[in-house]
Structure formats: structure tokens, C-alpha cells
Amino acid sequence: MPHRTTFSKFLIADRRRSAAPDNELVALLNDVQRACKFIAAAVSRGKLEGPGGLPNRVNVQGEEQKPLDVIANEIVLRNCEAGGQLCGMVSEEMDEPFGIAPDYPRGSYLLAFDPLDGSSNIDIDMTVGTIFSILRAPQGVDEPTAEHFLQPGTQQVAAGYALYGPCSMLVLTLGAGVHGFTLDREVGAFTLTHPDMCIPEATCEFAINASNERFWEPPVRQYVQECIQGKAGPRGVDFNTRWIASMVAEVHRILIRGGLFMYPRDTKAPAKPGRLRLLYEANPMAMIVEQAGGAASTGRERILDVQPTGIHQRIPVILGSRHEVERLVRYHEAHDRGEALVFTTPLFNTRSLFLTA
Ligand code: AFP
């Protein structure tokens, strides 16, 4: 059996790649990876796991909450609350921040996480995942409130996701590249299989939920139409499309072979500037994508620069191969300058948003 570096050994020994994390962060990341192993086991048992009598409910997002959403959330809380590295946690599944109980030691880190992203895929046995983001608590804070989590994504010290698919993986960045670990179930360890993951700058593959086309802003509609026109259109090449409805799976595909993922601002729910949440979906994925050589934008600004205003704030997300993100940003800039965007494709008919035709 070839010698492979385990996740724990990577954090300690291979400091060149792991940006020399302090012992507190190493201990926290080991708690997170252990939680991901427990979630992987629960997910892999499917209906054998049973909901434990939990009914489907609605979470703070107003979205259906599967029993495994609740189970995964509990697994993260229980595995990370007692280690002494955290002073608070925020989760997609909890209205308010989770404080560390008084009988547990507190540390200097904050954890924001989506315990089971893509859970609407659980019943059809499609890939789901866990997304996490680690921040430092402000100096002297050991009982954080929501405001203490409202830090731009550039403040993240680590970000990662676990992917529960045909095999389970953990992908991590500490600000010195992106590294993938595959769960060796015989050993029970995440082992380094994808060091220094890198996103190709160019791509001919895009991911967006096309059923929302009528709600998109003009720059997104122009971009998608040009891709659909393929060789016959201004791009001069044919494109492929994917939509898994599981952000973790889309981002992983992009890390492996390039691509563009879009969940842009749309007019479907004007009060919501997008579907994805900034703190525990967009920011960790944006850090990972940028560390792998890609780009992540709202269409109008770098995601990691956004100053959060709420722990469950939503944000438009356009991320992946750098050249494609930069093109979409240019289209948004042109649109915001009032330049006409003309659509000429049989799929969307020939019309312009600014001409009477
Ligand atoms: P769920 O966790 O509710 O399944 O949502 C998954 C997600 O947040 C993200 O992972 C997907 O990219 C996106 O929503 C899918 O949204 P649509 O269902 O609108 O396509």
C-alpha cells in the first residue's frame, strides 16, 4: 500500500503547504474532519439510518429541513463544542449563533458551517456535502454575538468542504493552496490524494439553474445565450452545461476540470439578492476557488471583500475559471453603464432589452 499522508499528519508535518497553522487551529480542524467522517457514515446509510423520528421541518431560511440536516448539524456541534478552540458557531440550521457551554473551555476561533449542503438531493441519493469557514474571534471576545461573525471573507483563516459522493472527500485551504483528501474507509482516515488543486483559467462548461432565466439580469442572460449559441455565436466554441443543485458538487467539479458556477441575483424573490448564503457557502467556496487560481464575484464585486450585514445574508455567486468570471464582471459593468445588450438567439428569440424590436 503506497504511503499516504493523512489529514492530521498533513496539518502537522507538511507545514509548507498547510501555512503552519497554530496548534489550536490544527486541533479544531481535526474536530471538523471527525465530524465529517460521522456525517459521511450517516449519509452513506441512507434510509437505513432512519430519521430517528424526526419530521421534515422548515429552517430559518424558510426552506424544507430534512432529518439529516438536523442530524448533521448536531454531529458538528457535538464534535466541535468541547475542544476548547471555539467560542461560537453559526449554522444554516440555527437561527442564532451557538454559544459554547460554560463547562467547556473556550478558544479564539469562530466556526460557520452548512452541515448538509444540497440536502434536497438526499432522497435521490445524489452528492451532498458539508461546507465550513473558520474565522478568528475579535480580541477579547469569548461570548460572541452575531455581529462578531460579520467579517469579510478575506478574514477567513481556513475554509473547506466535505463531499459525500461515490467516495467521500475533504477539501481544505489554509491560505496556501487547496488540497484534497479522500476518505479511506478501511483506515478511517482522510488521506492526501489531490495536493495543490488548480482550476484551469479557461472553460467551456457552465452551471446555472436555467429554469430561472426569465428572472436573471441582462448580463447573465447575455452570457448564457452566447454560450448556448456555441460555434455559431460570438464565443466561437460549443459549451456544455451541468446543474446538480448541490453547490459542493459543482465546486468540486470546477476544481477538478474547470467550469463556471452561477447562482446570480434574480428578480424571482426581489427581497433576496440571491439564494446562497454569504458566511457559510459563498465565502468558504470563494476562498477555496481563489486559492486554486479561480475567481469568485457577485458580478459587481469580489465576494471575499463583501462586508456581511447578517449571519444568514444571501449573496449572488459567480465563481470558477478566472477568464469566465472576468467576462461576466465586464458584462455587469457594461450593463451598469447603460450600454445596450442585444440578444439574438432562437432559444430566447431576437430581442433587445433597449430596442423596441
Ligand atoms: P439545499 O441544501 O436546500 O438542497 O440547497 C442547495 C443549494 O443551497 C446549493 O447547494 C445549490 O447550488 C442550490 O441550493 C440549488 O438551488 P436550486 O434548487 O434553486 O437549483
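**Exercise 1. A backbone check**

Task: Find out where Asp196 is placed, and say whether it is buried or exposed, or something in between.

Solution: Start with the location: Asp196 is in the loop between strand E10 (189–194) and strand E11 (205–207). Helices (H or I, at least four residues) and strands (E, at least two) are DSSP runs, numbered from the N terminus. Before going on, note that this is a predicted model: local features need pLDDT of at least 70, side-chain atom pairs count only at pLDDT 80 or more, and totals for chains, interfaces and linings use all residues. Residues are numbered from 1 along each chain as its sequence is written, and side-chain values use heavy atoms, with hydrogens and water left out.

Next, accessibility. Buried means under 20% relative accessible area, exposed means over 50%, and partly exposed is in between (1.4 Å probe, protein chains only). Asp196 has a relative accessible area of 41%, so it goes down as partly exposed.

Last, the backbone. Most residues other than glycine have a negative phi. Asp196 has a positive one, near 50°. Ala245 is also a non-glycine residue with positive phi, near 60°; look for it in the loop between E12 and H7.

**Exercise 2. Two helices side by side**

Task: Work out how helix H7 (residues 247–257) and helix H8 (residues 278–291) pack.

Solution: Two packed helices are described by the angle between their axes and the distance between the axes. Here the angle is about 10° and the axes are 11 Å apart. (Axes are lines fitted to C-alpha atoms, for helices over the stretch in contact, and angles run from 0 to 180 degrees between N-to-C directions.) Angles under 35 degrees count as roughly parallel, over 145 as roughly antiparallel, 65 to 115 as roughly perpendicular and the rest as oblique, so H7 is roughly parallel to H8.

Now pick out who touches whom, where contact means heavy atoms within 4.5 Å. H7 brings Met247, Val248, Val251 and Leu255, while H8 brings Glu281, Met285, Ile288 and Val289.

Finally, look at how enclosed H8 is: 12 of its 14 residues are buried, so the rest of the structure largely encloses it. After H8 comes Gly293, with a positive phi near 95°.

**Exercise 3. Ring pairs**

Task: Classify the aromatic pair of Phe7 and Phe181, then the pair of Trp243 and Phe261.

Solution: Rings of Phe, Tyr and Trp (its six-membered ring) pair if their centres lie within 6.5 Å; planes under 30 degrees apart count as stacked, over 60 as edge-to-face and the rest as tilted. By this rule there are 5 aromatic pairs.

Take Phe7 and Phe181: the centres are 5.0 Å apart and the planes 75° apart, an edge-to-face pair. Phe7 sits in helix H1 (residues 7–13) and Phe181 in strand E9 (residues 178–184), 174 residues apart, and the pair links these distant parts of the chain. Both Phe7 and Phe181 are buried.

Then Trp243 and Phe261: 5.5 Å between centres and 5° between planes give a stacked pair. Trp243 is partly exposed at 30% relative accessible area, whereas Phe261 is buried at 2%.

To finish, join the rings up: ring pairs connect Phe7, Phe10 and Phe181 into a cluster.
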